[in-house]
Amino acid sequence: MMVTISDVAKAAGVSVSTVSHVVNGTRFVKPETRARVMAAIERLDYTPSSSAQSLKKNVTHTIGMIVTSSTNPYFAEVVSGVEAALYAAGFNLMLCNSGRDIDRQRSYIRTLKGKRIDGLLVLESVISEEFLALLTACPFPVVLMDNEAPELASVVDDSEQGGYLATRYLIEQGHRDIGCITGPADHYQSRQRYRGFRRALEEAGLEVEPAWVYAGNLEVSGGEAAIQALTAGPRRPTALFAFNDLLALGAIGEATRRGLRVPETLSIIGYDDIEIARLLTPSLTTLSQQTALLCREACRLLTAAIAAKAAVIEHVRIPPQRVIRDSVCGPPTDLH
């Protein structure tokens, strides 16, 4: 049988309201009375109703999170990092996979409002105007984690700098014929990485070769298709910057199937540093988004806004770091 607050009050010889004040800390209770109540709570193993407490305090200690897809290894690592950071701060996480579908996004926001969440994290690289309008109208704080908007707080990887660092590393190894496998044109971080790619080439006095820029789908199949396209022409690059590790994984696999040795005849650098990157053969040189730091900062912004009971519009960029492994070396002297 479930123990109620009335049972505790009877066992302690006090009123129900006194037990409520002890549990919720809403009014001073004499130490000897508090001790009797706490002893009764422990003896009866009473657990206060979290929903009732939430209604009284207007907090639920629950955070919502909308992500494009939690099956992507990078997104899965971010979700895990967020959950750990929130748990340490005393919050639970409700996860929603949107698939970038506005109807699902609208439905999830409606549901999360009904659940009286305290705040919302959004891990979406593509945010439509309609979705942005829904987010800015939310009655709770919102923090973006894979995109930026002036109206909302955000914590993002500095992908333009990351694109620059990746391309610069290829140049430092002696490469001059450099291509890239991008993401979709409306993908925020992909656009940022392409800006960094161009900046590094221009700084080195190199030009972008349009035939060596392939728009992928940020999945393994996109990397495979890129290699098929890039090896079909009369000339191919000696190095590729893949805009995420899944593209790099697909590119390495397809290059190997076509008799191209990585990195001896084709160097490939990725982005994200997902767990499998170090397990590939060859292990993948890549850019780390410092996922743990990104998650901590996003949770810091959100919990600060919740505590302040007001929007905290701050924009944080996390500097990426190069992770040097085995998939990049100097250019081949013979491209046959």
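This note sets out points on the predicted model shown above.

1. **Basis of the model.** The structure is a predicted model, in which local features need pLDDT of at least 70 and side-chain atom pairs count only at pLDDT 80 or more, while totals for chains, interfaces and linings use all residues. Residues are numbered from 1 along each chain as its sequence is written, and side-chain values use heavy atoms, with hydrogens and water left out.

2. **Overall form.** The protein chain contains 12 helices and 12 strands. Helices (H or I, at least four residues) and strands (E, at least two) are DSSP runs, numbered from the N terminus. The radius of gyration of the protein chain is 26 Å, well over the 20 Å that the globule rule gives for 336 residues, so the chain is more spread out than a compact globule. Here the radius is taken over C-alpha atoms, and the globule rule is 2.2 Å times the number of residues to the power 0.38. Along the principal axes, the C-alpha atoms fill a box of roughly 90 × 40 × 30 Å.

3. Of the 336 residues, 49% count as buried. Buried means under 20% relative accessible area, exposed means over 50%, and partly exposed lies in between (1.4 Å probe, protein chains only). The protein chain exposes about 15800 Å², and carbon and sulfur atoms supply 52% of this area. Accessible areas come from the Shrake-Rupley method with a 1.4 Å probe; for residues, only the protein chains shown count as cover. Among contacts with a separation of 6 or more, 72% are between residues 24 or more positions apart; contact means heavy atoms within 4.5 Å.

4. **Helices α6 and α7.** Two packed helices are described by the angle between their axes and the distance between the axes. The axes of helix α6 (residues 102–114) and helix α7 (residues 129–136) come within 10 Å and cross at roughly 5 degrees. That makes α6 roughly parallel to α7. Angles under 35 degrees count as roughly parallel, over 145 as roughly antiparallel, 65 to 115 as roughly perpendicular and the rest as oblique. The axes are lines fitted to C-alpha atoms, for helices over the stretch in contact, and angles run from 0 to 180 degrees between N-to-C directions.

5. **Residues of that contact.** Helix α6 contributes Ile102, Gln105, Arg106 and Ile109, and helix α7 contributes Glu130, Phe131, Leu134 and Leu135. These residues divide into 5 nonpolar, 1 polar and 2 charged. In this grouping Ala, Val, Leu, Ile, Met, Phe, Trp, Tyr, Cys and Pro count as nonpolar, Asp, Glu, Lys and Arg as charged, and the others, Gly among them, as polar.

6. **Cis peptide bonds.** The peptide bond from Val262 to Pro263 is cis, with omega near 10 degrees. Pro263 is found in the loop between α11 (245–257) and β9 (267–269). The bond from Thr281 to Pro282 is also cis, with omega near 0 degrees, and Pro282 is found in the loop between β9 and β10 (286–288).

7. **Positive phi values.** Arg116, in the loop between α6 and β3 (119–123), has phi near 55 degrees, a positive value in a residue other than glycine. Leu218, in the loop between β7 and α10 (220–230), has phi near 65 degrees. Is each residue buried or exposed? Arg116 counts as partly exposed at 38% relative accessibility, whereas Leu218 counts as buried at 11%.

8. **Val213 in strand β7.** Val213 belongs to strand β7 (residues 213–215) and counts as partly exposed at 27% relative accessibility. Leaving aside residues up to four places away in sequence, Val213 touches Cys180, Thr182, Tyr194 and Val208. Val213 and Thr182 are 31 residues apart in sequence and 7.2 Å apart in space, C-alpha to C-alpha.

9. **Glu314 in a loop.** Glu314 lies in the loop between α12 (291–308) and β11 (315–318) and is partly exposed, with a relative accessible area of 31%. Which residues does Glu314 touch, not counting residues up to four places away in sequence? They are Ala153, Ser154, Arg300 and Leu301. Glu314 and Asp245 are 69 residues apart in sequence and 29 Å apart in space, C-alpha to C-alpha.

10. **Met38.** Met38 is placed in helix α3 (residues 31–44) and is partly exposed, with a relative accessible area of 40%. From Met38 to Val19 the separation is 19 residues in sequence and 8.8 Å in space, C-alpha to C-alpha.
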